[in-house]
Amino acid sequence: MAPPPYPDLGKLARDLFRRGYHPGVWQLDCKSMSSPGIEFFTTGFASQDHSKVAGSLQSKYKIEDSGLTLTERWNTDSWFFGEIVQKDKLAQGLMLGLEGKFQPSSDSKDGKFKLGYVEDHFNFLTDMGISSSPIMNCSLVLGHKEFLGGLGCTFDLGDTALSSWKVALGWSNDKATLHGELKDGDSWLASLFYKLNDPIDAAVELTKTGGGGGGPEPAEGEAEQAGGSDVTVGVGMIYRLEGDALIRAKINSKAELGLGYEQKVREGITASISAVLDGRNISDGNHKFGVGLALEC
């Protein structure tokens, strides 16, 4: 198999800590497929703290004969997004894409070209902005048996300077995935995902944030931690119950405890609840709860 693109390195452990937790938010996701093969996806969020409502509507249409995928999206900030991608037609493994966005109220607009190429032992991905001072992102992942290595760079073509860089190493088999990443020399991440058995997945994650504010992305609804250079250790698990239900749990060295429960109510309807609790201040801590509902038809 070809190695994954750089953004997907360490995804199993990352998803175990991020997905399914939506503290402080009411969330609704709707996915449907129309008869001509157009896929619609709608998502909405309502913040419990500020009563702010946000959402987006996306449509995706695939033209199989031409290898084209057309995507359009609109959100409640009045941004319009469009993307056209072609894969495996001009050459096997080659991806070409063009992406753009536009906000009529402010006349703001942006876009970028995308290029990707995949072979059995490497995965190359790059994009370049369309502006007077474009930003170029490049990444390369090499694979050999169970080992993966990746490199990512961001260039400011206007200043002809290297803005940021990151390197990653990984190892995986059928049960475990080990991932390590260094960003700009001052922040790093290491994670281990392990499938104990069919119902139980577990993961460990260590992160060190540098002065540039690196580190892991927060779960939806969680605020990012400010400043400092800290090492955080987290452990998490998923336990799948009988009857299309599962339990999520995670805790880190800051005594932040996350709990979640997900239940498939019926075909096409899945409900979930989650909470992130401040273990250092149970009585007056900044505890956050969330509810999610996913519909598919």
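Tutor: Happy to! By the rule used here, the count comes to two aromatic pairs; rings of Phe, Tyr and Trp (its six-membered ring) pair if their centres lie within 6.5 Å, with planes under 30 degrees apart called stacked, over 60 edge-to-face and the rest tilted. Please keep in mind that this is a predicted model, where local features need pLDDT of at least 70, side-chain atom pairs count only at pLDDT 80 or more, and totals for chains, interfaces and linings use all residues. Residues are numbered from 1 along each chain as its sequence is written, and side-chain values use heavy atoms, leaving out hydrogens and water.

Let's begin with Trp-79 and Phe-81: their ring centres are 6.3 Å apart and their planes meet at 35 degrees, so this pair is tilted. Phe-81 has a relative accessible area of 21%, which makes this residue partly exposed (buried means under 20%, exposed over 50%, partly exposed in between, using a 1.4 Å probe and protein chains only).

Tyr-117 and Phe-122 form a tilted pair too, with 5.9 Å from centre to centre and 45 degrees between the planes. Tyr-117 is partly exposed at 27% relative accessibility, and Phe-122 is partly exposed at 26%.

As for confidence, the protein averages a pLDDT of 90, and 94% of the residues score at least 70; pLDDT is the predictor's confidence in each residue, from 0 to 100.
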